[in-house]
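Reader: I'm new to protein models and would like to work through one with you. Could we take it step by step?

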Amino acid sequence: MCCAGSGWRDEHRARLARPVAAGQVRAIHAGAGTRFVTSAGQRQGAYFPAGVLTGVTTEHDVAHQELFGPVAMVFAATDEDHAVRIANDTPYGLGSYVFTADPRQAERIEAGMVFVNGVLAESAELPFGGVKRSGFGRELGRPGIEEFVNKKLIRPLVG
């Protein structure tokens, strides 16, 4: 389960659930055989249940949405090239995780941040930011600080 903060109300939870449910319904209607698996238990307080959408392909609308919630989508890929095409077939590009024996594969992913063979590797000294519809510029780290600096170029032309 994901904690969404003490100020969360039922209408906020419902607002998050709508695109997840709509994406699931569209994927099922498209013949994906998609299942939405949720955690068990009662839904109380500031929590939203985690879930997994399976059987999703890049043909489904939900594959091109940015679901802000604890929801994962599982895609089947035939090889690394196909997996990279799936990963890049989105209008978003904030962060990605790549699990591979060849860390150079991360260079092929169109995202502002790519973590190789691990999750939760973010840190205050690392730049944070995305590409495509997931942002412009960077926060944190040296690139983030440089967003707030006015740099001046002085080039004397000596004859």
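Reader: What percentage of the residues of the chain count as buried?
Author: First, this is a predicted model, where local features need pLDDT of at least 70 and side-chain atom pairs count only at pLDDT 80 or more, while totals for chains, interfaces and linings use all residues. Residues are numbered from 1 along each chain as its sequence is written, and side-chain values use heavy atoms, leaving out hydrogens and water. Buried here means under 20% relative accessible area (1.4 Å probe, protein chains only). By that cut-off, the buried part of the 159 residues comes to 25%.

Reader: How many helices and strands does the chain have?
Author: Both are DSSP runs numbered from the N terminus: helices are H or I with at least four residues, strands E with at least two. Starting at the N terminus, the order goes β-α-β-β-β-β-α-β-β-β-β-α. That gives 3 helices and 9 strands.

Reader: Which element gives the largest share of the lining of the largest pocket?
Author: A pocket is an open set of points on a 1 Å grid over the protein atoms alone, where a 1.4 Å probe fits, with protein on both sides within 12 Å along at least five of seven lines; lining residues have an atom within 4 Å of a point. Strand 5 (71-73), strand 6 (92-93) and strand 8 (113-116) are among the elements that each supply at least two lining residues. The largest share, 6 residues, belongs to helix 2.

Key. Buried means under 20% relative accessible area, exposed over 50%, partly exposed in between (1.4 Å probe, protein chains only).
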